[in-house]
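Please keep the sequence and the 3D view at hand while reading.

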Amino acid sequence: MKTIFKTLLAFTIVSTVLSSCGNGGDKGKHGALSGSAAEKVYVAPGEHDEFYAFVSGGFSGQLAVYGLPSGRLFKVIPVFSVDAEKAYGFNEETKPMLNTSHGFIPWDDSHHPDISQTAGELDGRYVFINGNNTPRIAKIDLTTFETAEIIEIPNSAGNHSSSFVTENTEYVVAGTRFSVPYPQRDMPIKEYKGNFKGALTFISVDPKDGAMDIKFQIMMPGFNYDLSHPGRGKSHGWFFFTTYNTEEANSLLEVNASQNDKDFIAAINWKKIEEYVNNGGGTKAPTNYAHNVYSDETHSATSTMKKEVLIVNPADVPGAIYFLPTPKSPHGCDVDPSGEYIIGNGKLAAELTAHSFTKMLAAIEGKKFDGEAYGIPILKYEEILAGAVKQPGLGPLHTEFDGKGYAYTTFFISSEVVKWKLGTWEVVDRKPTYYSPGHLMIPGGNSRKPFGKYTLVMNKITKDRYLPTGPEVTQSAQLYDITGDKMELLSDFPTIGEPHYAAGIPAELIKERSKKIFKLEENKHKYVTKSEAEGKVVRNGNEVHIYMTMIRSHFSPDNIEGVQVGDKVYFHVTNLEQDYDVPHGISMIGAQTSELLIMPGQTETFVWEPKQVGVWPFYCTDFCSALHQEMQGYVRVSPKGSNVPITFTLDGDTIGAE
Amino acid sequence: MKLKVFVFTVIMALVVSCGSDGKKDDKATGPQEETKEEVAEVDPMKDKGIGPIKSITLGEIDQAMVDQGHELFKSKCSACHKEDKRFVGPALAGVTERRTPEWIMNMILNPEVMVAENATAKQLLAEYLSPMANQSLTEQEARLILEYFRTLKVAE
């Protein structure tokens with residue numbers, strides 16, 4: 001009996017080993033689990049990824065930085081939402097970044113990152129991204145991977161057809177999704193039609209220092225402006241925006257905004273409008289919006305309220321704006337690398353629409369109009385159509401290009417990515433996604449020069465794809481190899497928040513310029529302490545300013561007395577380190593704010609309002625060295641009106657008393 | 001017993017064949033373990049350390065350089081080093097009588113390698129525990145600080 005048992009057991013073990021061995025070669029069945037897919041996404045320890053992917057956080061309000069093909073997360077850049085980890089929106093220096101005409105807004109919905117371009121190719125200087133809810137555009141500096149500038153968009157609501165750049169980053173555009181009364185006023189909602197307007201905003205970007213400034217706003221009819229992309233190559237100088245709700249419904253839009261057989265792509269000749277504006281055209285209108293700028297010299301942000309914006313009425317610039325009829329409620333509005341084809345992703349349509357830029361110009365020339373809307377000519381659909389991809393799938397949302405003559409479109413309802421050929425409009429491949437993708441991204445896929453190696457598809461629903469984490473489960477990105485005739489799913493990985501869109505770029509275009517430290521001698525912070533000897537504590541009424549330094553592994557001063565209950569204590573802390581990857585943190589018991597995480601050479605400030613008498617500790621929050629646990633200090637808090645004098649010492653000596 | 005041996009052999013054979021089916025690693029898996037030789041006692045006044053400074057000739061003390069070096073020292077070094085007392089790092093008075101100028105500059109410019117590979121620097125790390133910080137100074141700046149150090153004498 002025992003022997004039989006042993007034999008059976010042995011047989012079972014051998015079978016198990018055999019079968020597991022055999023399955024390893026069965027690539028077709030397991031798709032992404034096949035050996036070759038694993039090899040393609042494997043980046044060995046210590047090696048770098050080939051691409052950066054900047055993936056929007058959606059309702060997290062941030063921008064996540066991943067490596068491709070590995071899918072490894074490197075950093076979450078705080079943009080529109082406060083981030084306690086990095087003290088963004090908590091320290092005194094970054095609070096102004098989140099100022100708006102509505103006051104301090106600690107959150108937004110970040111959607112569409114786009115990388116700056118020169119001559120139609122990615123140049124890796126900046127990433128722009130839109131805040132959807134309280135309309136804003138942010139610029140992230142790719143030497144520091146930090147938010148450098150945020151500009152609020154007046155007269156806009158649901159800033160969705162944003163933030164896409166023109167070929168030389170002349171402009172970053174911000175189009176409103178929701179039309180609103182212009183000017184804003186107290187009026188009945190049902191009087192929407194004709195009274196609400198849709199602002200399309202062109203923000204100039206200074207070629208030297210990248211400074212953003214609203215150049216003009218085009219006050220368009222009250223449709224919903226969904227997405228946009230710039231013309232390029234031959235169509236450079238134009239910008240294309242998809243619209244829906246051309247019905248101008250103000251309630252139950254899922255029914256009432258789905259009535260028209262065709263909505264429009266608005267074609268905007270921005271060069272013509274720029275010329276009009278440069279010659280004194282447009283009307284200066286009163287407004288109120290915030291312009292927030294962060295400086296790497298002062299390590300601080302400033303917020304300025306702007307009071308005027310230049311409004312352009314389409315009727316005043318004839319020949320600058322046309323409507324291209326496009327079926328039905330189009331979402332993505334995508335221009336191929338040559339600039340010839342403008343793709344309308346009609347999300348309720350049975351086909352994908354490709355307009356021809358050449359035919360569009362000819363139709364304008366020949367006045368092939370099909371009426372007008374609010375004075376803007378509607379071009380004849382048949383005259384501008386280049387072709388259509390028939391029966392491509394259900395619910396097309398967004399298309400990108402590989403630079404080899406193919407386009408890739410996501411289909412939300414049928415959960416797939418479809419590869420098709422430009423010019424012949426044939427579907428050549430389709431692969432399932434898991435599940436319900438929104439956008440997809442090919443590095444450089446929105447430029448003249450795509451890097452057509454991978455596409456990253458961003459999914460809204462993951463259900464059974466990962467270990468469950470209660471009712472709320474992650475959203476995801478899926479990576480496909482697109483170098484062959486057929487796409488191959490390589491991997492999927494969870495994302496931060498909801499990834500609406502991403503921008504990818506070869507790492508070599510960025511990584512050499514990535515800053516390592518801030519030079520102490522260039523620090524122009526108002527409260528910088530450039531050496532330990534300059535540390536001090538200054539009382540000014542009930543304000544106490546602590547000028548503190550940090551280096552491995554102590555604070556200076558680290559014993560402070562003379563603080564009183566009711567004081568407002570500012571810790572201005574400078575990291576004296578000048579070596580790569582040696583940040584220090586600081587946190588104070590009872591401070592109603594976050595820690596600070598201070599990079600070498602940088603100064604940051606937090607405020608502490610002690611409410612209890614006692615001796616209270618602070619400590620370093622970032623494990624900085626073998627003696628990190630020793631990096632701590634004390635503040636003595638006396639009752640209000642106490643005569644304990646202000647003192648500040650390190651190792652028993654008063655700071656600066658040399 | 002025989003059965004056990006047989007089963008073990010079969011399994012091993014399968015495991016081995018299965019393993020050799022996999023891709024061949026064409027890259028080195030990481031740095032090879034090095035056998036480090038024990039460094040013999042070195043006279044610190046002959047030890048130039050490891051780093052960019054190979055040889056340096058000192059002339060008369062240049063007061064302008066001393067002043068510049070002192071300023072740099074205050075902002076970049078004084079958080080850890082005092083002149084006449086042990087602090088985070090060693091006291092610096094008389095350092096140019098204990099170490100060669102090359103060693104001092106290499107310790108400033110190349111501290112990560114020094115504390116890992118130079119016998120004297122390793123000993124210091126063992127004693128002080130806090131590794132010498134790299135303050136990203138240039139060779140010229142390190143030279144100015146060295147000039148300042150030349151003026152720091154041990155109190156009589």
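## Chain B

In chain B, residues 24 or more positions apart account for 76% of the contacts with a separation of 6 or more, where two residues are in contact if their C-beta atoms, placed from the backbone, lie within 7 Å. Chain B holds 7 helices and 0 strands, and its pattern along the sequence reads α-α-α-α-α-α-α; helices (H or I, at least four residues) and strands (E, at least two) are DSSP runs, numbered from the N terminus. Of the 156 residues in chain B, 24% are buried, a residue being buried if 20 or more other C-beta atoms lie within 10 Å of its own, exposed if 12 or fewer, and partly exposed in between, with C-beta atoms placed from the backbone.

## How to read the model

This is a predicted model, in which local features need pLDDT of at least 70 and side-chain atom pairs count only at pLDDT 80 or more, while totals for chains, interfaces and linings use all residues. Residues are numbered from 1 along each chain as its sequence is written, and chains are lettered from A and ligands numbered from 1 in the order in which they are written.

## Nonpolar cores

In soluble globular proteins, nonpolar side chains tend to be buried together. A nonpolar core is here a set of buried Ala, Val, Leu, Ile, Met, Phe, Trp, Tyr and Cys residues joined through C-beta atoms within 7 Å. The largest such core has 118 residues, and those touching the most other members are Val127(A), Ile203(A), Ala267(A), Ile268(A) and Leu456(A). Strand S14 of chain A (residues 212-221) gives the most to this core, contributing 6 residues.

Leaving aside residues up to four places away in sequence, Ile268(A) touches Leu200(A), Ile218(A), Trp238(A), Phe239(A), Phe241(A), Ala320(A) and Ile321(A). A second, separate core of 61 residues includes Val82(A) and Ala87(A) as well as Met107(B) and Phe149(B).

## An open sheet and its helix

Four strands of chain A form an open sheet in the order S21-S22-S23-S26, with antiparallel pairing; two strands pair if DSSP finds at least two bridges between them. Strand S21 (330-335) and strand S26 (385-390) are the edge strands, each pairing on one side only, and the twist from one strand to the next averages 20 degrees. Within the sheet, S22 (residues 341-346) and S23 (residues 351-356) of chain A pair in the antiparallel sense over 4 bridges, and Tyr341(A) stands opposite Ser356(A) in S23(A).

Helix H6 of chain A (residues 357-365) packs on the sheet, where it touches S22, S23 and S26, and its direction makes about 60 degrees with that of S23(A); axes are lines fitted to C-alpha atoms, for helices over the stretch in contact, and angles run from 0 to 180 degrees between N-to-C directions. In H6(A), Phe357(A), Met360(A) and Ala363(A) are buried. Seen down the axis of H6(A), its buried residues fall within an arc of 115 degrees, so they line one face of the helix; the arc is that of the directions from the helix axis to the C-beta atoms. Those buried residues of H6(A) pack against S22, S23, strand S17 (263-269), strand S20 (321-326), strand S25 (376-379) and helix H7 (381-384) of chain A. Just after H6(A), Lys367(A) takes a positive phi of about 50 degrees.

## Further strand pairs

Strands S29 (residues 416-421) and S30 (residues 427-432) of chain A pair in the antiparallel sense over 5 bridges, with Lys419(A) opposite Asp429(A) in S30(A). Their hairpin has 5 residues between the strands, and in it Gly423(A) takes a positive phi near 100 degrees.

Strand S35 of chain A (residues 502-506) is mostly covered, with 4 of its 5 residues buried. S35(A) pairs with strand S1 (residues 51-56) of chain A in the antiparallel sense over 5 bridges, and Ala53(A) stands opposite Gly504(A) in S35(A).

## Backbone details in loops

The peptide bond from Tyr434(A) to Tyr435(A) is cis, with omega near -15 degrees, and Tyr435(A) has its place in the loop between S30 and strand S31 (437-441) of chain A. The peptide bond from Ser556(A) to Pro557(A) is cis, with omega near -5 degrees.

Glu248(A), although not a glycine, has a positive phi of about 60 degrees; Glu248(A) is partly exposed, with 17 other C-beta atoms within 10 Å.
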